[in-house]
Amino acid sequence: MASLRKKNYRKIKRVGWVGSLITTLLFMVVITTFFALAVVGFIRYALDTKISNEYEKIKYMAEIYDSSADGDDIYSYLDLSGRDYMITDSDNNVLHTTGKNTCSFEGDTVSISSVAKSVLVYEDKAESFVYPSDGNISLRKKEFFEMLSETENESEENIIEEDGVFLDDEAMREAEETLKAPVWISIDVKGGKEKLVAKAYYRINKDDLFLIGMIIISVVIFILVMFVIMVIKIVRNIAKQRKLMKLYFTDDITGRKNRAWYLLKGEQILRRLTSRKKKFAVVSLTFSNYRNYCICHSMKKGEEMLCKIHELIDETLDKKEISAHMSYSSFALLLEFEVEHILKNRLEVLIERLEHLDSNHKFDFQVGVCVVDRILDENGKVRRRKDIEIEKEYNSASMARESVGDSDESHLIFFNDALVEERLWIDTVQDNQKKALENEEFAVYYQPKYDPRTNELKGAEALVRWISPEFGFVSPGRIIPIFEKNGFITEIDHYMLTHVARDQKKWLDQGFKCVPVSVNVSRAHFIENDLAEQIRDAVDKEGAPHELVEIELTESAFFDDKKQLIETISKLRDYGFSVSMDDFGSGYSSLNSLKDMPLDVLKLDAEFFRGDNQNERGEIVVSEAIKLAKSLNMRTVAEGVEIKEQVDFLAKEGCDMIQGFYYAKPMPRDEFEQSFKKQ
């Protein structure tokens, strides 16, 4: 869970700028590549265009030389071109030279697209920044720009200006020609026996430079504009990401920090190297009255009260301490402390302030504390808490808080070893419950019910006990609350119902005079629409008569879906089962329940018969309850009866049955059989 939370946090944290950054980088790479290819392509195109003109002129010289007869003074005609050239044989041995021979005779065949020809081109030895390569004319950039600079300086020196008029047209033309890049073009003549190799120039003028400059400037401006747009987008996305993070860590109700922020921030604080020598307290605080407050005032008022609670909590924190609204009416705190009793006093003061947050109400708060102490290594040196998970510490604090149960008063509980053992026991029970059910480790105990007037056995209640090969005899108080919380109680209900019906069938087959046995069915079971059919089918499968199985439900079940409950009870009675209400008098709606529910048996809560047996008010209540039950054609059972005076009183008042230690404790099945034999 912690790793998933961190993963989601990192995703949200990166979402604002990572995408834009990657997009920007890709865009810059694409644009730069496009720019480089465009410049290279343009240069090659320009070179191709320029060199094609030179090729045509040299080709014309070759045609003149080819058309001349032997002995003609052809060289004088070729010299008129003003171009450096040479005539060589097929092995490049020079036969004639005009001008300066700077040909390197190192070159390559170049494709000139404008004339659709492949021409042999040699590099110039003196000025070698233009050269043939891989079928194209290429440019050595460093030498090119050095030559460009030198040529511009020479052009400026050659221009003579007087009264704003250029006096030297040749100088003006030379100034306009910013650069002349030489190469040598070779054309076969005389049937391939000789070659005309002439010097050609690639000329770059101001218009060419202007065009190249405009292309470069345009591309640079475009890149800069796009870069600025991307930077703006990244900044906006970072701002958006921060808003998203703030929203992600903000509680919907209080407007302050929420659970996700607390778990991440708290873990960071505990894991810091600078925090290793500090002691911390992870606090779980719950507003116990929240539900009642909302019922009395409204959900909106309840949420407003949560906001006030969170605000007051934050007021009590130091700068390095944190708090958050976790869920419903629960809050979490992370506090620093040195001495535990000072921490306790501080929390007690906080609870007192919260209790009187509203002058018209007295609120209650349950607070659990888990101490995060320093960690020492084998040498006694304080270690960093690099692996701590604050969620576990908070769960421990919540366990301490929940250990007080449903108390209506404020409590402050520190997590300790006893709570750890209790948690371990709960986990142990849950790990073994299914296996215990399959191995039938749950035993059915029977507590008899007797007629107080005749002391005759009239019935019994089936109670579950866990006889574990590993843990021995386990009382129901240690397992039933756990089963009720985790829902396994419904499996126990089916188990008990099946075994009671099986025992009843066995006793009938042995000739015993059987009595009805009540089986508890938890309130969790009554949400099922077909519960009555489930009970009927389970009893029928074992072959027991329906009238020997009584379905017992606690008064708390009457607080659930009353319509569904009435329908289920009516079906059970139609199928021939008796239905009883357990713990009558322990709740607050007993009389109202009696008015609506078609019950057969009323069980008086054991609390009526504990304490002072001379309590006349208690006797009046019991007496009237018995009379009320008789008026409703219901039988009565008094449970928890332990002394003879109580038996005599109940016999006098007409109570039908007594279940308690006065007559018998819950007993195993074999021992209960002896009751049949005695009877």
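Contact is defined here as heavy atoms within 4.5 Å. Helices (H or I, at least four residues) and strands (E, at least two) are DSSP runs, numbered from the N terminus. The model is predicted, and local features need pLDDT of at least 70, side-chain atom pairs count only at pLDDT 80 or more, and totals for chains, interfaces and linings use all residues. Residues are numbered from 1 along each chain as its sequence is written, and side-chain values use heavy atoms, with hydrogens and water left out.

Five strands form an open sheet with mixed pairing, in the order β12-β13-β11-β14-β17; two strands are taken to pair if DSSP finds at least two bridges between them. At the edges lie β12 (322–327) and β17 (411–414), each of which pairs on one side only. On average, neighbouring strands of this sheet are turned by 20 degrees against each other, direction ignored. Angles run from 0 to 180 degrees between N-to-C directions, with axes as lines fitted to C-alpha atoms, for helices over the stretch in contact. Helix α7 (residues 259–271) lies across β11, β12, β13 (330–337) and β14, and runs at about 140 degrees to β12.

Within the sheet, β11 (residues 279–287) and β14 (residues 365–372) pair in the antiparallel sense over 8 bridges. Val 283 has Val 369 in β14 as its bridge partner.

Strand β11 also holds Leu 285. Leu 285 is buried, with a relative accessible area of 1% (buried means under 20%, exposed over 50%, partly exposed in between; 1.4 Å probe, protein chains only). Leaving aside neighbours within four places in sequence, the contacts of Leu 285 include Ile 313, Leu 350, Val 367 and Phe 331. The C-alpha atoms of Leu 285 and Phe 331 are separated by 5.1 Å, although these residues are 46 residues apart along the chain.
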